[in-house]
Amino acid sequence: HLFSDPAEIEALRGNLLAWYDRCKRALPWRTLGGIGASTLIPALLPAVWVSEIMLQQTQVATVIDYYNRWMQKWPTLQALAQASLEEVNELWAGLGYYSRGKRLQEAARKVVSELAGQMPRTAEDLQKLLPGVGRYTAGAIASISYGQATGVVDGNVIRVLCRLRCIGADSSSPAVIDRLWDMANALVDRSRPGDFNQALMELGATVCVPKAPLCRECPVKQHCRAQRRKLFGKPTPVPDVEDCGVGGCPLCPPAAEPWDSSLGVTNFPRKAAKKQPRVARTATCVLERRGCHGTLEYLIVQRPSSGLLAGLWEFPSLPLAEGLQEEKQREVLADHLRAWTGWPVVAGGLRFIGEVVHIFSHIHQTYVVYSLPLDGDVTLDSALSPSRWVTQEEFHASAVSTAMKKVL
Ligand code: SF4
């Protein structure tokens, strides 16, 4: 399962880099992202840092526009350090996983105020010193922006390496992940580490894709054991270094789930079954009024500064206990709104609009949506969460989640 032949490693690096030079996608962070910009002008915000944080759990096509707006607004560490969380959330609105933006900004503050404006330049320091920078992001920044010969392991790299070396044990288990990191560190090209890492990830994103990999076009197919196994069938019955599947190898597929020839190379990687997301229900009320020019306005309230969707704005909402009947739901929401606005809100006055389902990574959330038109002003207790009235246009420009946009 390992790369032990130095000549093969050399050949793989050469093939992969030549392919990358020919075929890489033109992505905005690649223009400024390589070794150079951040090294020559240390005050610049490293492009790869922003793009890698945005790309976590998010598609490239979605990220491009957010990335361009972010870099235009905060091109330097200093500029980002001075931004408010509100501004960060407004720009991040719709990208999901909001703590990423918050931590990026906190990390820029830390660099400016505690590290004399100097970005850490090794993977070890980046991971140790900057909030929100894990092992993968640290490796990406250190290799791409600062030229450190260190590997990276993300979902794409896991898939490519598991196929190259027929690793069929649970690819999310710590033991397998550790071996993949060792492999990535051994493979990374010493003179072009950033390009090599990007090439490996690019291969996973465009050629060695999850469902129908383009093996014929693959620049490293001659090094791929999954491909060899697909083409030549079962290896020889006598186990050798390439066929360690006999006798509890920790990297081979488990005995109960052997190679399935109908799957070909997509036998790899394998993952343990995903945990089911938690199911949650929340009652939410769109309070509306006519503003001074007769324009419809909505009341939004700010969420607490920590936890899920920290600091974002939403319609007044209330988590519902499991198995609550519709009538009861309406009553608890009316009680909540009465206590909050001081208005004599009655359950019968709430109009049921419908349900909105939104899937967060680990929560299957249903919003039970009501509306309540109000005449006259509502004075809210300022000791409670911050709140404000917004027009539809202002609502969309505010730091609101995609789920709340669906609710509206
Ligand atoms: Fe992936 Fe196919 Fe290339 Fe192997 S040959 S690395 S399975 S695309």
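Okay, let's start with a pair of helices: helix 7 and helix 8 cross in a right-handed way. Before I go on, keep in mind that what we have up here is a predicted model.

So, that pair. Helix 7 covers residues 85-92 and helix 8 covers residues 99-114. They pack at an angle of about 135°, and their axes are 9 Å apart. An angle like that makes helix 7 oblique to helix 8.

Now helix 4, residues 47-55, which packs against helix 5, residues 60-73. The angle there is about 140°, with 10 Å between the axes. That makes helix 4 oblique to helix 5, and this crossing is right-handed.

Helix 4 also packs against helix 10, which is residues 135-145. Here the angle is about 150° and the axes are 9 Å apart. How do helix 4 and helix 10 run relative to each other, roughly parallel or roughly antiparallel? Angles over 145 degrees count as roughly antiparallel, so helix 4 and helix 10 are roughly antiparallel to each other. Helix 4 passes helix 10 in a right-handed crossing too.

While we're around helix 4, have a look at the loop between helix 4 and helix 5, where you'll find Gln 57. Gln 57 isn't a glycine, and yet its phi is positive, about 60°.

Which peptide bond is cis? The one from Phe 268 to Pro 269, with omega near -5°. As for where that is, Pro 269 lies in the loop between helix 14, residues 225-232, and strand 1, residues 278-290.

Last stop, the ligand. The space it takes up is the largest cavity.

Okay, that's my tour. Back to you.

Methods:
Residues numbered from 1 in each chain as written. Predicted model: local features only at pLDDT ≥ 70, side-chain atom pairs only at ≥ 80, totals over all residues. Heavy atoms only, no water. 1 Å grid on protein atoms, 1.4 Å probe; cavity = no way out; pocket = protein on both sides within 12 Å on 5 of 7 lines; lining within 4 Å. Sits in = over half its atoms within 2 Å of the grid points. Axes fitted to C-alpha atoms, helices over the stretch in contact; angles between N-to-C directions. Helix = DSSP H or I, 4+ residues; strand = E, 2+ residues; numbered from the N terminus. Parallel < 35°, antiparallel > 145°, perpendicular 65-115°, else oblique. Left-handed = near helix turned anticlockwise from the far one by under 90°.
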